[in-house]
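Here are my notes on the model you sent over.

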Amino acid sequence: MFSMVGNLGLIVLIALNPHLHTPMYYFLFNLSFTGLCYSSVITPRMLVGFVKQNIISHVECMTQLFFFCFFVIDECYILTAMAYDRYAAICKPLLYQVIMSPQVCLLMTVGVYVMGFLEAIAHTGSMVSLTFCDGNIINHYVCDILPLLKLSCTSTTVNELVVFIVVGVNVIVPTLTIFISYTLILSNILSIPSAEGRSKAFSTCGSHVIAVSLFFGAAAFMYLKPSSASVDKDKISTIFYTIVGPMLNPFIYSIRNKDVHLALRRTLTKRSFT
C-alpha cells in the first residue's frame, strides 16, 4: 500500500502541476511508473503465497520473469539518465535547456524502454529453452533467473554467461556513468563560493545518491556471483530492489523536496475548493 500510494501520488502530482514539468521530474515520473509496475508484478503473487499454496504455471512464470526483467532494467537506466540530468543542471546550467531539451528527454526515455525490452527478451528467451526437472519447486518468492537455473536438467552455462554479460553491462555501464557524473558534480559544487549555494546543490543530489546506492548495491550482490551461492541471501537482496526500493523512492525524493511540497499543497487546495 505504501508503494502504490507513494508512486501513484507522485505520478499524479507531477502530471497535474505544470511547474514540475521539467527534465528532473519527467525522469522521476518514469522512475515512479517503473517502480509501481515491477512491484505490482512481484508483490501480489508473493502475498498469495503467504495465505495458500502458491502454484504458478510455466507460461505465467515466464511472463512474470519477462516483466520483472523489463521494469528492473528500465529503472537501472532511468537512474542513470537522472544522474546525467543532475550533471547537466549543475555543471552546464547555461546550456541545460539545450542539453536536456524535450526531444532529448524523449529519446533517452525511448532508449531506456527499448533497452529494457531487448534485454528482457534475451533473459526470457534463454530461459524458455531450458528443460526443467520434476522437482519444480522454486525456492524463491518470484520467478527470477537464478532460482530457475537451479531447476534445470540441462546445462545452464550459456544462460549463466548471458546473465553475467547482460547484468554486468547493466551494473557497470550505469555505475561508471553515474560515478563520472557525480565526480564532475562534486568538483563543480566545491568550487561554488557560497555555503548556501553548495548546500542547495548537494540537496538536489542527495536523494538520487541514496536511491542509486540501494538499487545497484542490491542488484550487484544478487547477480554478479555464481549461481551456486545461497538462495536465502538472494531473497534478501531481491527484497531490497523489488519491494523496499519502490516503496522508499517516492519518500526519498519528496520528503525534503520543496517543489513536491508546493505541488501537494496546490493540488489539495484545488480539491478543497472544488
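1. A word on terms before the residues come up: helices here are DSSP runs of at least four residues, numbered from the N terminus. Histidine 208, for instance, sits in helix H8. Keep in mind that this is a predicted model.

2. The overall fold first. The protein has 10 helices and 0 strands, and reading from the N terminus the elements go α-α-α-α-α-α-α-α-α-α. Its radius of gyration is 20 Å, close to the 19 Å that the globule rule gives for 274 residues, so the protein is as compact as a globular protein of that length. The C-alpha trace spans about 65 × 45 × 30 Å along the principal axes.

3. How is the chain packed? Of the contacts with a separation of 6 or more, 74% are between residues 24 or more positions apart. As for burial, 47% of the 274 residues count as buried.

4. The protein exposes about 14300 Å², and 72% of that comes from carbon and sulfur atoms. There are 16 positive and 12 negative side chains, with the centres of the two sets 14 Å apart.

5. What does the record say? The unreviewed UniProt entry lists residues 24–44, 65–84, 96–118, 161–189, 201–224 and 236–255 under "transmembrane region". In the model, residues 24–44 are 100% helix and 0% strand, with the end C-alpha atoms 30 Å apart. Residues 236–255 come out as 95% helix and 0% strand, and there the end C-alpha atoms are 26 Å apart.

6. Glutamate 119 is in helix H5, residues 102–128, while tyrosine 77 is in helix H3, residues 58–91. Is glutamate 119 buried or exposed? Its relative accessible area is 9%, and buried means under 20%, so glutamate 119 is buried. Tyrosine 77 counts as buried too, at 14% relative accessibility.

7. Staying with that pair, which residues do they touch, leaving out those up to four places away in sequence? Glutamate 119 touches Ile73, Tyr77, Val166 and Asn170. The list for tyrosine 77 is Val112, Met115, Glu119, Val169, Asn170 and Pro174. So that you have a distance to compare, tyrosine 77 and leucine 148 are 71 residues apart in sequence and 25 Å apart in space, C-alpha to C-alpha.8. Back to helix H8, which covers residues 195–223 and holds alanine 218. Histidine 208, also placed in helix H8, is buried, with a relative accessible area of 2%. Not counting residues up to four places away in sequence, histidine 208 touches Leu79, Met82, Ala83, Tyr182 and Tyr253.

8. Setting aside neighbours within four places in sequence, alanine 218 is in contact with Ser237, Phe240 and Tyr241. From alanine 218 to tyrosine 241 is 23 residues in sequence and 6.3 Å in space, C-alpha to C-alpha.

9. Last, arginine 266, found in helix H10, residues 258–273. Buried, exposed or partly exposed? At 40% relative accessibility, arginine 266 counts as partly exposed, because that class lies between the 20% and 50% cut-offs. Arginine 266 touches Asn17 and His19, again not counting residues up to four places away in sequence.

Definitions and conventions:
Residues numbered from 1 in each chain as written. Predicted model: local features only at pLDDT ≥ 70, side-chain atom pairs only at ≥ 80, totals over all residues. Heavy atoms only, no water. Helix = DSSP H or I, 4+ residues; strand = E, 2+ residues; numbered from the N terminus. Rg over C-alpha atoms; globule rule 2.2 N^0.38 Å. Buried < 20%, exposed > 50% of the residue type's maximum accessible area, 1.4 Å probe, protein only. Contact = heavy atoms within 4.5 Å. Areas by Shrake-Rupley, 256 points an atom, 1.4 Å probe, with all protein chains shown as cover. Lys, Arg positive; Asp, Glu negative; His and termini not counted. Charge placed at Lys NZ, Arg CZ, Asp CG, Glu CD. UniProt positions renumbered as here; feature names shortened; annotations may be inferred.
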